[in-house]
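Trainee: I am new to this structure and would like to go through it by question and answer. May we begin?

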Amino acid sequence: MLKNYLTVAWRNLRKSKVFSIINITGLAAGLACFLLIALFVLDELSYDKYNDKAGRIYRINAQLRFGGSDLNFPLTADPMGQVLKKDYPQVEDYVRMYNSNGSKLIKKENQYINEYNVVHVDSTFFRIFSLPAIEGDTKNGLNAPNTVVITESMANKYFGTVHAVGKTLETNDNDKTLYKVTAVIKDVPRNSHFKFDFFFSMKNVDYNWNQFTSHNFHTYLLLKPGTDYKVFEKNFDQYIDKYVLPEIQQFVHIKSMTDFKKAGNKMEYSLIPLKQIHLYSDRQFEFLPAGSIQYVYIFSAVALFILLIACINFMNLTTARSAGRAKEVGIRKVLGTERKELIIQFLTESILMVFISTIIAIAIAYMVLPLFNSVAGKEMTIQSLFSPVILPLLVILPFVVGLLAGSYPAFFLSAFRPIEVLKGKIKLGTRSGGLRSVLVTFQFFSSIALIIGTIVIYQQLHYIQTRNIGFNKDQVLIVDDAYSLDNNLTPFKLDVLKMSGVKSATLSSYLPVSSSSRSDNVFSKRPVMDPKDPGLDMQNWRIDYDYISTLGMQMTKGRNFSKAYGSDSTAVIINETTAQLLGYPDPIGQKLYQLGQDPKHPTEYNIIGVVKNFNFESLKQNVGPLGMFLRRSTGFACFKVNSANTEDIVKQVENKWKAIAPGMPFKYRFLDDAFNEMYKAEQRIGKIVLIFSVLAILIACLGLFGLSTFIAEQRTKEIGIRKVLGANVSTIVKLLSKDFMILVAIAFVVAAPVAWWGMSRWLTDFAYRINIQWWVFALAAGIALGIALATTSFQAIRAAIMNPVKSLRTE
C-alpha cells in the first residue's frame, strides 16, 4: 500500500511540473534558511561546553561605581581567588588569567613575530579547563617561572613539529626572556570565550601584588559539586568587609561599606556560569567580543518565521491546485476510496515533496555555508550539518514539516462531497478563504517586521558612522607595537614626519578605540577624600604634546600641553565629564589629587585644560571621566596623513621601519577601521538580517502568487461576465488585488507596534542611539504593498486579458 501511495504521489508531482517546481523551490529555500540559522544558533549555544567541569566553573564579575563612574568588567583583585579558597570550603580551586600587555614579540629564527593570543595563567589552569596535552605535563608544567605551554599550531609554527617539549622560546619580556616549553596541547576549540596559543607562567608577571582594590585579573572558581552559586554569591559582602574595606579606609574616612554606598558608590561581585559567558556577558575587557542571547532569540524567531512562511506557501499553493483535483477526489470517492486513504495519499505527497525539498535544502546549505561563515564570522563546516543535534533534526524534519504543511490541504481536499464535485457545484473558496487570509496576513506580518528591523539596524549603524564622536578618525595611520623600536622610536617618528603627505604625529598607548590600553585610578579634588565627596575613578591616559591635535580633538577651556611650560609634567587635561563631576564652575587652575600607594602623600596635578568629550569606548557606553597626562607612552605611533597618496605613505613608513628594525614585524591599520571593528558584531547582524529578510519576502511572494492564482481560478467565470458587461482591465485588476491589499494593511497594523517594541529593546544597548522615525514604518508599508501588488498583478492582469468566451466555458 505504501508503495502505491508513493507511486501515485510521484506521478502527481511529475504531472504538475510547474506547480511542483514552485512548491519544492519555496520549501527548499525556507528549509535551507532554517538550517543555516539553526547552525548559527546551535554554535552560539555551544560555547565552552567542551570543558568536562563546565557545570562547576564560574567567573567572577565586578560591578563598581565610584565618583559617578560605572565600571562593569570581568576583572578582580589578584588575591581574591586565593582568599576565597582559603575562607570558603565550597571553593574547590581557582585560577587567574592575566593578559594586560595584550601581545608578546616571540622570536623565530632571526625575525620577531607579534603574537596576540598570549596569556599568563596560574599552574591550576589545566586542572580546571579541559585542554588535553599532546606532549608534556600540563599538571605541573607552569609551577616554575620562565615556563610556557603552547598549542599544537604554535609548536608546528615555531619548531616544525608538535614535539617541542624542552625547547625554548625567546620573547621581548624583560630584555629577551627565554621560556621553556613544558607541554604542547591541542588547539583551543573555536567555541571558547578565550582563544590563546601561549600560556605563560603567572610567576613571570611583574605586578604590585596583594592589592584588594586594584582589578586586573580574570578569576575563575571551580565550585564543589552541589554548590548553589547564587547562594555562594552572598559571601562576597563578607569578603568585601574583611579584605577590601580596610584598604578603602586608607583613602576615605568611612566606618563601613554602608557609608561608602550612601555616598552613591557601589562595589559588588557576582558569579557567571562558564557556559553563559559568551552570550550573557558583554563587558569591558572580555577576552573576545561576546555574543548576545538577544540575537539568538531574534534569529531563532526569524528561522521559525521563515519555516512557517514556507509551510504556509505549501498550503496555499496546494489549495490553489485543488480545483484541478476536485473531480479526481470525487471519482475516487465514488469508486469506494475512504476519506482516511485520501488523507494518507495527500500527506504522502506532502512528505515526499518535503523530503525532496530537504535534500535540495541540504545541498543549498552546503554550497552557501562558506559565504554564510564569512558574513556571520563563523567557522562552521559541513560536518556541522550532521552533528548529533542537527542530524536527528534532518531526519524528522520531512515528517514534521510534511505533516504540518500538508495537513490542511489533505483534510480540505478529502472532505469534498463527490456528488457536488462531479456536478461542478463545489465552492472551493468559501470554506478555506478565512484560513488562507490569516496565513497570508501572518506571512506579511513577518515580512514587514523584518523590513522594519533591517531599516532600524542600518539606521543605527549609519548613525554610529556619521555621529560627531569628538575626534577625527579619518586618515590616521596607526603603526602597532611601536615600543619594539625602543630608543629608535623618536627618530622613527621624526623621519616619518619629514615625508610628503604626513601632517602630524603622536606616540601613545591610549587610543579612542577598544583595542588599546586603558588605565584608571582614583582621583579627588582634595588631598584627603571626604566620605560625602570621595572623588572619582578616572581614566588616566599618557600622551605627548601632539596627541590632541593629531586626533582632531577640541579644547573647550584652557590650553593644550606645550613645551613652553616646564610645569606641564605636573599638569592634567580633563574631559567635560570629569569637569562636571568635579563641580567647578571653571576648573582651570584647580588641583586634582591622585591617591596612590601612600594615602598621606597623594600626587598633585594642576588642571590646565578641558577637552571636549569624545567617545573613547563603544557608543553603547556613556563618556566616562578621563584625564590626560604628559608622559611617555609607546604602544602606537599615529600619523595624520594626506588622503591623496595613502598607499605611498604606508610603503615609505614600512621601508623606514624595516631600515631601523629589520627583525621586528611591521603592522599597521587606520583609526577608522579600528573604530569600525568595535561594531563588527552589529554589522554582521545587520547583513544577516538583511539577507534573511529578503529571502523571507521572496518566499512569502511565492505564497502570495499561489493564492492569487487560486483566486483567479475561482473567479474566472465572474471575470468573464464582468468583461462582457464592459469592465476594463484596470477595473478587474483592482477587483482581484483589493483583498490582498487589505490583508497587507492588517499585517502592517499588527507588525508595526511589535517591530517598534522589539527594535526599541535592541536600541537600549546603545547609550547613543537613534529615535525610530515614522517614515521607517511608512517605508516598510510601502515596500510590502509594492511587493504584494507586483506579485498579485501578474495573475490579475493575466485573468483580466483572457478572452471572456474562453472564461465562460471554463465552468
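Trainee: How many cavities of 30 Å³ or more does the structure hold?

Mentor: This is a predicted model. Rolling a probe the size of a water molecule over the atoms shows where empty space is left. For cavities of 30 Å³ or more, the count is 4.

Trainee: Which strand gives the largest share of the lining of the second largest cavity?

Mentor: The second largest cavity has a volume of about 60 Å³. Its lining includes Tyr98, Lys104, Val118, Val119 and His120, and by class it has 3 nonpolar, 5 polar and 1 charged residues. The largest share, 3 residues, comes from a strand spanning residues 118-121, namely β6.

Trainee: Do the buried residues of helix α15 lie on the same side or on opposite sides of α15?

Mentor: The buried residues of α15 (residues 489-497) are Leu489, Phe492, Lys493 and Val496. They cover an arc of only 100° around the axis, and therefore lie on the same side. An α-helix has 3.6 residues a turn, so residues three or four places apart point the same way.

Trainee: Is Cys638 buried or exposed?

Mentor: A residue counts as buried under 20% relative accessible area. Cys638 has 1% relative accessibility, so the term for Cys638 is buried.

Methods: Residues numbered from 1 in each chain as written. Predicted model: local features only at pLDDT ≥ 70, side-chain atom pairs only at ≥ 80, totals over all residues. Heavy atoms only, no water. 1 Å grid on protein atoms, 1.4 Å probe; cavity = no way out; pocket = protein on both sides within 12 Å on 5 of 7 lines; lining within 4 Å. Points joined across faces, edges and corners; volume = space filled by probe spheres on them. Helix = DSSP H or I, 4+ residues; strand = E, 2+ residues; numbered from the N terminus. Nonpolar A, V, L, I, M, F, W, Y, C, P; charged D, E, K, R; others polar. Buried < 20%, exposed > 50% of the residue type's maximum accessible area, 1.4 Å probe, protein only. Arc of directions from axis to C-beta.
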